[in-house]
Amino acid sequence: MQTTSPLTQSLPQKSDNNQSSQIRIAYFIMVHHKPDNFKLMFEKIYTRDQFYLIHIDRKAKEKFTEEIQQYLIHFPNVYILESMNIVAGGFSMIQAELNAMEYLLNAATEWDYFINLSGEDYPLKSQNIIRLFLTANNGRNYIFYYDQKFYRPDTLRRIQNHFTELTHKISSLIYKRDFMEGVTPYIGGKWFIFTRETCAFLTNNKRVMDFEDYLLPAESFFQTVLMNTAFKDIIVNDDKRAFIEKPFFNKDQYQAQLIESLKMNNQLFIRKINNKIHQNIIKYIDDTYILPLPYVDEIERELKRNEWGTQYS
């Protein structure tokens, strides 16, 4: 794997807040547009004792790329990954994430968790609270997963057919193939929180190469790999993200309902928030940003999710 050099030559070893007992996070952030959104999010999650790797899509406009690079040069513990063309839903996204894991594993030994984000994400809680949560739950992985045959049979064509990934899209030309023998296909979302040990397994284990050769789509690869290995036992069926949807009717009512949901759950990030549209939600986040997460019995919630299968994202 080839990557660029870090923006600076040294990585700080001390926490600004003397939080050496807390876990450290390695963030991988994929961006391609909306620089202001990215900057707002980045400044919220940045600390000098953690690690940040940024991928700028090769298709991004030159002006955007230059703006992000110039902005990041002021932060001492930030790296930039060699650019790839990312195709939505394709294996290129998985490859970039595997590259990122390998890069960060080689760059530093002082991180404990890998979190992937997009440039349109936003933290619901401060880094201190997020780190406290992961410290208390150290050793668990967080990702949404569902038995594809049972919960999403409509998507089985993704594994029954081989799709060729082109530069900007998935080719319409397909051919049939048999699925991997003895492997249960899973599906879920693209967002996750993985332990360092999980990342080392995903980037170095020969078993994973079989799945790579199969080129599972972005919503299936990590779920299928981990749920068919010993890592199945440490996965929590949750990616810790809240999602902004586009309501068809009353937007104010939708935002009020989402805020009530946030009060009862322990998500750590929210996706695709807009400071012009979601002002009520942003105010709620600002008001609760440094307050502790609500207690959630994750085992009970996971049992209910597995029973009803109603929370697919």
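How much space lies in the largest pocket? I found about 1300 Å³ there. Of the 42 residues lining this pocket, A242, F243, I244, E245 and R271 are the closest to its centre.

**Ground rules.** I'm working with a predicted model, where local features need pLDDT of at least 70 and side-chain atom pairs count only at pLDDT 80 or more, while totals for chains, interfaces and linings use all residues. Residues are numbered from 1 along each chain as its sequence is written, and side-chain values use heavy atoms, with hydrogens and water left out.

I noted what a pocket is: on a 1 Å grid over the protein atoms alone, it is an open set of points where a 1.4 Å probe fits, with protein on both sides within 12 Å along at least five of seven lines; lining residues have an atom within 4 Å of a point. Its volume is the space filled by probe spheres set on the points, which are joined across faces, edges and corners.

**Largest pocket, lining.** I looked up which elements supply at least two lining residues, and β5 (121-123), β11 (241-243) and α12 (298-308) are among them. Helix α10 gives the largest share, 6 residues. Helices (H or I, at least four residues) and strands (E, at least two) are DSSP runs, numbered from the N terminus. By class I got 15 nonpolar, 12 polar and 15 charged residues. Here Ala, Val, Leu, Ile, Met, Phe, Trp, Tyr, Cys and Pro are nonpolar, Asp, Glu, Lys and Arg charged, and the others, Gly among them, polar.

**Second largest pocket.** This one holds about 420 Å³. I see 20 lining residues, with M30, H32, D57, I86 and M93 nearest the centre.

**Salt bridges.** Searching the whole structure gave me 8 salt bridges (a side-chain nitrogen of Lys or Arg within 4 Å of a carboxyl oxygen of Asp or Glu).

K34 and E120 form one, at 3.1 Å from N to O. K34 sits in the loop between β1 and α1 and E120 in the loop between β4 and β5, so the pair ties together parts 86 residues apart in sequence. K34 is partly exposed at 38% relative accessible area, but E120 is buried at 15%. Buried means under 20%, exposed over 50%, partly exposed in between (1.4 Å probe, protein chains only).

Next I checked R271 and D121, which meet at 2.5 Å, N to O. R271 is in strand β12 and D121 in strand β5, 150 residues apart. Buried or exposed, R271? R271 is buried, at 9%, and D121 is buried too, at 2%.
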